[in-house]
Amino acid sequence: AQQSGDVDILSSFKRADAGEDDGSLDFSALLKAAKKVSPVPQVSVYLVHSCLSTWSTAVCLPGPQVSVYLVHSCLSTWSTAVCLPGPQVFAWSTGVCLPGPQVSVYLVHRCLSTWATGVCLPGPQVSVYLGHRCLSTWATGVCLPGSQVSVYLGNRCLSTWATGVCLPGPQVFAWFTGVLLAPRKKRPGDEKPVIDVWELLKSAHPSEYEKIAFEYGITDLRGMLKRLKKMKAFEPKQSEAFLKRMESCYSVEKGKKIVLTCEVFDPNVQVKWLKNGQEIKGSAKYIMETIGNVRKLTIMKTTLADDAAYECVVGEDKCFTEVFVKEPPVTITKLMDDYHVVVGERVEFEVEVSEEGANAMWFFEDIEIFKDTNPAKYRIKKDGRKHMLIILEAGLEDIGMYHCWTNGGHTKGELEVEEKELLVLQDIADLTVKATDQAVFKCEVSDDKVTGKWFKDGVEVLPDERHKMTHVGRFHKLLIDNVKPQDAGDYTFVPEGYALSLSAKLNFLEIKIDYVPRQDPPKIHLDTTGNMVSQNTIIVVAGNKLRLDVEITGEPVPTVVWSKGEEVITATEGRVHVDTRKTLSSFVIEGAERGDEANYTICVTNAAGEDKAKLFVKIVDVPDPPQNVKCLSVGEDCSSMVWEPPAFDGGAPLKGYLMERKKKGSSRWTKLNFDVHEATTYEAKRMIEGVYYEMRVFAINSIGMSQPSLTSKPFMPLAPTSEPTRLLVHDVTDGTCTLKWMAPERIGAAGLDGYIIEYCKEGETEWVVANQELCERQGYVVRGLPVGEKINFRVSAKNLAGVSPPATLAQPVTVREIVDLPKIRLPRELRTKYVRKVGDKINLVIPFQGKPRPVVKWSKDGAPVDEKVVGVRNSTVDSILFIRSATRDHSGKYELVVQIENMEDRATIDLRVVERPGPPTKVKVTEVWGFNAALEWEAPKDDGNCEITGYTIQKADKKTMEWYTIYEHNRRPSCTSSDLIMGNEYMFRVYSENLVGLSEEPGQSKNTAVIGKTGLDYNPPEFQEKDVSCVPTFTQPLQDRSVVAGYSTAMTCSVKGFPKPKIVWMKNKMILGGDPKYIMLNNQGVLTLNIRKPSTFDGGRYSCMAVNDLGQALVECKLEIRIPIDPTAEVK
């Protein structure tokens, strides 16, 4: 069916069963062979891909078999009908399953570019695997036992399918059940002419459309009628109001103006301009001009709303046009930033475009994101030129590349999501307090949104009058007022959602008063727990509060003195102060600073003695920012960064560094690592080539993270190009070698600066650079090579990022002159006589070959050419002879000689320059008889340097002296002029003609031809008027019609009669009045009744009656209205 050009495959099967021969495969023989070959009932499939949006499959077998009709009307809609005898099962979800030794089919449509089909038959049958890896590549393998069939199916283009079968011997494979048939020869009369269905429809009557559509397998009747309406030629009527109409359509870019112009016949007539049928009033946007007969409509600053149909109306006449407004490509002015976030954070991808209100498409990898795509996760916003894609809570499944596309630009950004990790910036410290004092537990974590709970000895602490919990940013506090002995214990803070806990101990200081009659020397009781890492060293985080409570015993009450080095601390208020009580002395530093780091001494004295203790307070802080962040090298999508450690490590060892980067001009920084990086070098990856980036580094110690370093200088990831392609040797001489190559396949954002050419002798490893400066062309002549040596060559491309891998010749080149005999390759048009007109430019390019460079000589008629008259230019491969303005003196035989030593080749060119001939001579009238005159003349003296091809003869009456041509291209030097008018005297002139044209001056006859008068009597016949009156008669009756409801129809007949009859249309013998649904036309006796979109109520008998003074006539027809049937309903 495909070979016969048949559209409907089912019709082909029907004709095959009926025994009709259409030149395609013998289906009946195929079915008979299938019964013999297949031991079990099998399946027959024929697949045709007529275009990208239409699929059809037909399966028909006699007996208890399977019949399947599959139609793919569009890319997203499938319908399948399966008819089986008896209680069978069909499932379109996983395929077709039949009981017994039948066929099992599994068909899955994963997406538009992936197909998988498996067919399995029991026993020694067929196993098929069909894979569609991409839209343009198909591969099919069919394996049968024994010496059977192997099939390869290739898709040569997207709309053409071809199947190749290779078998030993004269065999044929039909894609039915794997049946082998002998080839069937066509009879001479088998071939039928190809019929153009659309030409047939255009010439057919509308009543035959359904019949033709059914015959040729056209199922979409509505689409057929629309296409047929567009294909019908529109014959423009001759306008009486317009001299020149507007163009059929105009195109203009958005924002620019456009002028619609037409010319009217009457310069004073008024015109109206309409837009989509509505009249346009003059304004600043629409400017109407009248300039003589020209009418102009200027539309200023066009928008998409101006894309419409426009009319210029003069009375009842109109001219139409359409204006198409082209929207300029929307470019992206602000690129998308990369994001590096943790789980649960909000992500906002933002871009800016060049036009407000422009459309932008968002994609995650290859999946488009719409406004209604998972609204609980995505939000798409548009604010003027800004477009935003918001991910409300990022998860690990959102990791990937996000794209934003406009009709003129594209940008992408990468999203990296890490699991949450909570860092403890300040741990809880142990406390020792006395009765009625306040205890404050304080900690700091890295996330200010984290909440938590406080526990005492494993029991949750609930807020009350004495216990208060606060959460301000990253700080969490537990305040206990009026401390009591029962408040002592272990306190723990547990952040919600993390397997982490912070613990500290509250010690209750009980004051005891001993009444001792004797004196005790003073004693300092230091608590070595808490912040004290050793017995005399205390570590305090910068910015934190240090309160050192020292218990003192002694009788009488000792005096306490605190000193920093040699300086005594006496202040009782301020940032650093001392608070001394009877048995307790407290040293307090509010907001520790680096300058507070020193050795401190406490000295207690009384009458019984003294005691001293020395303490070293160490202040630790976050480190200073790293220094000198810079980029060492770049790659295609990576860069190597290096920096110096901070000048001050904060008093604690450095744990490592965190890096961030951003695109230049952006304010969004993206983290590059979540795990601490210990080295001072880092290789950043997954960058976009050609985009400027900036980097900064943070230092981290046990206390926290430093301020960011100074931003590095902007750098751009770049990569060298790929190697040059198609390197070859163009020419070799003694000491030189000419190389040619093509540009690299990948150049990249760094561009291409030039090429480096290197060579080395065979067997050596030292490469010598042939060019001192970069070669910008794709070819180079390497000079100074040793003659007779074998040389290897290679070419590398260089750009800002470096030198590419080299392209190398597969074999070494032997440096030796190649002798080539001289040979002229004369063009075909120069092998015969070369004719040109006077004044033409002549440029003859004669290619030749020969090595070494041959000597070229030109001669004309045996003498060397005069270079003042004829220009000659010679190169290594051709010679050019040119004449700026040819004259007849340039005619002659030119000879080209190409010579190498004693070897030469010659070529001759016969050049002839021609012009118009001169006038004929001795033109005279030799004889006159009746109404005829004989003329003779002689050939012109100057034939224009070419053969005379004919003569043109003209005559003129001496009364009017108007010349008329009586003969053209007359080849003989004589002629006879006939049908001359009696009583007139005639003059004659003759033009000669050659290849260039007619002569400029004619040859005038020296005598004239006089036609004498003779007596004639003319008796005109009497005129009798003919009676043309007749009774109305219908020459073409009405035809019965059957139409589909909703489709307009027309009924036509023709009538004759005189006087002109009156026409009356009736429906069911009722006269049709002024109903706008019916349009009645009468054109020169052809009567038409148009019915617009008829319904079932418009069916019935229609009649047409013609009446005049001599009688009347009547014709009738029946109109049947059919209700359209939904084809999909039948399939279901």
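Here is a friendly set of questions and answers about salt bridges, cysteines and surface charges in this predicted model.

Residues are numbered from 1 along each chain as its sequence is written. Because the model is predicted, local features need pLDDT of at least 70 and side-chain atom pairs count only at pLDDT 80 or more, while totals for chains, interfaces and linings use all residues, and side-chain values use heavy atoms, leaving out hydrogens and water.

Student: How many salt bridges does the structure hold?

Tutor: Let's start with the rule: a salt bridge is a side-chain nitrogen of Lys or Arg within 4 Å of a carboxyl oxygen of Asp or Glu. By that rule, the structure's count of salt bridges is 34.

Student: Which residue forms a salt bridge with Asp487, and where does that partner lie?

Tutor: The closest N and O atoms of Asp487 and Arg466 are 2.8 Å apart, in a salt bridge. This pair links distant parts of the chain, 21 residues apart, with Asp487 in the loop between β39 (475–480) and β40 (489–495). Strands here are DSSP runs (E, at least two residues), numbered from the N terminus. The partner is Arg466, found in the loop between β37 (459–460) and β38 (467–472).

Student: Is Asp621 buried or exposed?

Tutor: Buried means under 20% relative accessible area, exposed over 50%, and partly exposed in between (1.4 Å probe, protein chains only). Asp621 has a relative accessible area of 19%, so Asp621 is buried.

Student: What about Arg594, its salt-bridge partner: what is the relative accessible area of Arg594?

Tutor: Arg594 and Asp621 have their closest N and O atoms 3.7 Å apart. Arg594 counts as partly exposed because its relative accessible area is 37%.

Student: Which residue forms a salt bridge with Glu660?

Tutor: Glu660 sits in strand β54 (residues 654–663), and its partner, 36 residues apart from it, is in strand β57 (residues 693–701). Both residues of this pair are buried. With closest N and O atoms 2.8 Å apart, the partner is Arg696.

Student: How many disulfides does the structure hold?

Tutor: A disulfide is a pair of cysteine sulfur atoms within 2.5 Å. Cys975 is buried at 9% relative accessibility, while Cys1030 is partly exposed at 27%. The number of disulfides in the structure is zero.

Student: Is Asp383 buried or exposed?

Tutor: Asp383 lies in strand β29 (residues 378–383). Its relative accessibility is 53%, so Asp383 counts as exposed.

Definitions and conventions:
Helices (H or I, at least four residues) and strands (E, at least two) are DSSP runs, numbered from the N terminus.
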